[in-house]
Amino acid sequence: MSASAPTPHSSTPSAHVHTNQQELQAATTAALAQQGQQADYAAATQAATHGTILTPEAKAAEKTWRAQVRAHMKAQRQALRPEEVTALSQAVQQKVLAHPFLQQARRIASYMSFAGEIDTHELNELLKAHEHVVGLPAIVPEQKGIMEFYRYEGQESLVPNAFKILEPHKDPVTYMAEDSLEVVLVPLVAFNHHTGARIGMGGGFYDRLLKKIRPECLTIGLAYDFQYVEGINIQAWDMPLDEVMTPTHHYLIQRKY
């Protein structure tokens with residue numbers, strides 16, 4: 001069951017930042033409502049929900065809709081001012097640090113944010129300072145959609161990958177196996193807090209990762225409030241999230257701890 005529960009000791013963004021969040025949320029709703037493929041996508045979603053095999057046209061409509069969502073959300077993130085990103089990210093950071101499951105040292109898979117995502121650079125340092133073992137992803141170029149995690153030793157040890165995202169060196173000594181992870185912090189483009197469905201960047205990296213972790217591993221998406229979207233169809237390869245944290249909410253989709 002889905003629930004919205006504020007995390008203890010969480011903070012509320014300033015009134016100005018909160019107002020801009022509401023404006024971006026309204027813009028998101030309006031823009032997606034005007035997409036020409038929405039009706040076809042809704043039909044595809046309904047068919048999938050009832051176990052119907054999607055037609056090629058429905059699959060194409062869904063693919064187009066997801067591409068439109070990605071483009072819109074990336075534009076919304078880029079519209080945020082640096083001080084807004086900082087304030088909203090700090091609100092999410094506080095929720096992560098106050099999570100009951102993280103009140104003792106855990107093995108956490110995090111990531112290095114980019115392109116206006118909720119900032120995890122400071123969060124990674126804070127998690128490390130709280131004695132958690134933090135792992136960051138490194139892409140495996142020889143295998144499509146595959147990444148491995150290595151222990152985070154500090155930003156000075158990171159190098160840019162092919163996508164210009166900072167990643168750790170692939171050192172066997174710092175390797176963190178997927179089945180050793182206790183928490184995975186997941187980036188996303190859009191989410192639905194009723195089902196845990198998410199839309200990522202389209203590379204399938206996290207869907208593949210989440211199929212390898214242990215069932216008890218906790219998955220938490222980090223997002224802005226305006227990234228909420230109705231009607232995300234959970235496809236066969238999609239892995240729903242357990243929780244989503246935004247600057248104003250902590251959504252519990254599947255309670256594990």
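## Confidence of the model

The protein chain averages a pLDDT of 84, and 79% of its residues score at least 70, where pLDDT is the predictor's confidence in each residue, from 0 to 100. Over residues 1–11 the pLDDT is below 50, and beyond near neighbours in sequence this stretch has 27 contacts in the model, a contact meaning heavy atoms within 4.5 Å. Over residues 35–52 the pLDDT is likewise below 50, with 22 contacts beyond near neighbours in sequence.

This is a predicted model, in which local features need pLDDT of at least 70 and side-chain atom pairs count only at pLDDT 80 or more, while totals for chains, interfaces and linings use all residues. Residues are numbered from 1 along each chain as its sequence is written, and side-chain values use heavy atoms, with hydrogens and water left out.

## Exercise 1

Determine which strands pair with β8, and whether the side chains of β8 are buried or exposed.

*Solution.* Begin with the strand itself, bearing in mind that strands (E, at least two residues) and helices (H or I, at least four) are DSSP runs numbered from the N terminus. In β8 (residues 183–186), Val183 and Leu185 point one way and Val184 and Val186 the other, and all are buried, that is, under 20% relative accessible area with a 1.4 Å probe and protein chains only.

Next, look for partners, given that two strands pair if DSSP finds at least two bridges between them. Strand β2 (residues 107–109) runs parallel to β8 and is joined to β8 by 2 bridges, with Ile108 having Val183 as its bridge partner. Strand β11 (residues 218–222) also runs parallel to β8, through 4 bridges, and here Val184 is partnered by Thr219.

## Exercise 2

Locate Arg77 and find which residues it is in contact with.

*Solution.* Arg77 counts as buried because its relative accessibility is 2%. Then, leaving aside neighbours within four places in sequence, list the contacts of Arg77, among them Glu117, Leu188, Tyr224 and Gln227. Finally, compare sequence with space: Arg77 and Ile118 are 41 residues apart in sequence and 9.1 Å apart from C-alpha to C-alpha.

## Exercise 3

Which element gives the most residues to the lining of the largest pocket?

*Solution.* The elements that give two or more residues are α3 (56–78), β3 (133–139), β6 (166–168), β10 (198–199) and α6 (205–210). Of these, α3 gives the most, with 6 residues.

Note on methods: Buried means under 20% relative accessible area, exposed over 50%, partly exposed in between (1.4 Å probe, protein chains only).
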